[in-house]
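The stops below are given in the order in which they may be selected.

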Amino acid sequence: MHYEYVGGSLHLEKVDLAGVAAALGTPCFVYSRDAIESRFEEYVTGFRGRRHKVCYSVKANGNLSIISLLSKLGSGFDIVSGGELERVLAADGTARDVVFSGVGKSRSEIDAAIGAEIGCINVESRAELERIAAAAEAHNKVVAIAIRVNPDVDPDTHPYVATGLKESKFGVPVGQVYDLYR
């Protein structure tokens, strides 16, 4: 357990959080290095024996110390913007371990990703693939891509988080994937 009460005061890894709040003010965000490391190791252990790369979604928390810690543990990074790419690189993350996801990537973001030689760009549409191809040609580089497929499957979940329906903004419709891939 990373959190515990000691004498009625909440502690994180034996650090008195009331003392931290008194010294630094609130709001104050305090993270458990042990918790992050152990959770990451659980993911890695779960995939042991299989080719894999565990990637942290930078949009969940772009704190440079957390990104740096995860990079040292061997994490890859899932990003959705050029700003997130800058954060990963500033925290000494490895560009080849970055996957650029998300809709609406600008040409300048694609150029930055190609220039940094990130691992993969996830394609959301034909127009985006054309922008990536043009940028790759301009940089005289071969770029690894993956096509995000929209399978038009109803996950029977809250409509705000459903991403696999035909009307979703995410991914290439399943019926267009083969043609786009060619």
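Select Glu124 to begin: this residue lies in the loop between strand 7 and helix 6. Helices (H or I, at least four residues) and strands (E, at least two) are DSSP runs, numbered from the N terminus. The model is a predicted one, in which local features need pLDDT of at least 70 and side-chain atom pairs count only at pLDDT 80 or more, whereas totals for chains, interfaces and linings use all residues. Residues are numbered from 1 along each chain as its sequence is written, and side-chain values use heavy atoms, with hydrogens and water left out.

Is Glu124 buried or exposed? With a relative accessible area of 7%, Glu124 is buried. Here buried means under 20% relative accessible area, exposed over 50%, and partly exposed in between (1.4 Å probe, protein chains only).

Next, select helix 5, residues 107-116, and display the side chains of its buried residues, Glu109, Ile110, Ala113 and Ile114. Viewed down the axis of helix 5, these buried residues fall within an arc of 135 degrees, so they line one face of the helix. The arc is that of the directions from the helix axis to the C-beta atoms. An α-helix has 3.6 residues a turn, so residues three or four places apart point the same way. To see what the buried residues of helix 5 pack against, show helix 4 (82-90), strand 6 (98-100), strand 7 (120-123) and helix 6 (126-139). Just after helix 5, Glu117 takes a positive phi of about 60 degrees.

Move to Lys105 and Phe100. The charged end of Lys105 sits over the ring of Phe100, 5.5 Å from the ring centre; the criterion is NZ of Lys or CZ of Arg within 6 Å of the ring centre and within 35 degrees of the ring normal.

Then select Ser75, in the loop between helix 3 (64-73) and strand 5 (76-79). Ser75 counts as buried, at 2% relative accessibility. Its side chain reaches the backbone oxygen of Val54 at 3.5 Å. Neighbours within four places in sequence aside, Ser75 is in contact (heavy atoms within 4.5 Å) with Phe40, Lys53, Val54, Cys55, Tyr56, Leu70 and Asp97.

Finally, turn to the open sheet of three strands, which has the order 1-2-3 and antiparallel pairing. Strand 1 and strand 3 stand at the edges, each with a single partner strand, so one side of each is left without a neighbour in the sheet. Two strands pair if DSSP finds at least two bridges between them.

- Strand 1 (residues 3-6) and strand 2 (residues 9-12) pair over four bridges; the bridge partner of Tyr5 in strand 2 is Leu10. Two residues separate the strands of this hairpin, where Gly7 takes a positive phi near 60 degrees.
- Strand 2 and strand 3 (residues 15-16) pair over two bridges, with Leu12 opposite Val15 in strand 3. This hairpin also has two residues between its strands, and Glu13 takes a positive phi near 50 degrees.

How values were computed. Polar contact = N/O pair within 3.5 Å; in protein donor to acceptor, adjacent residues only side chain to side chain.
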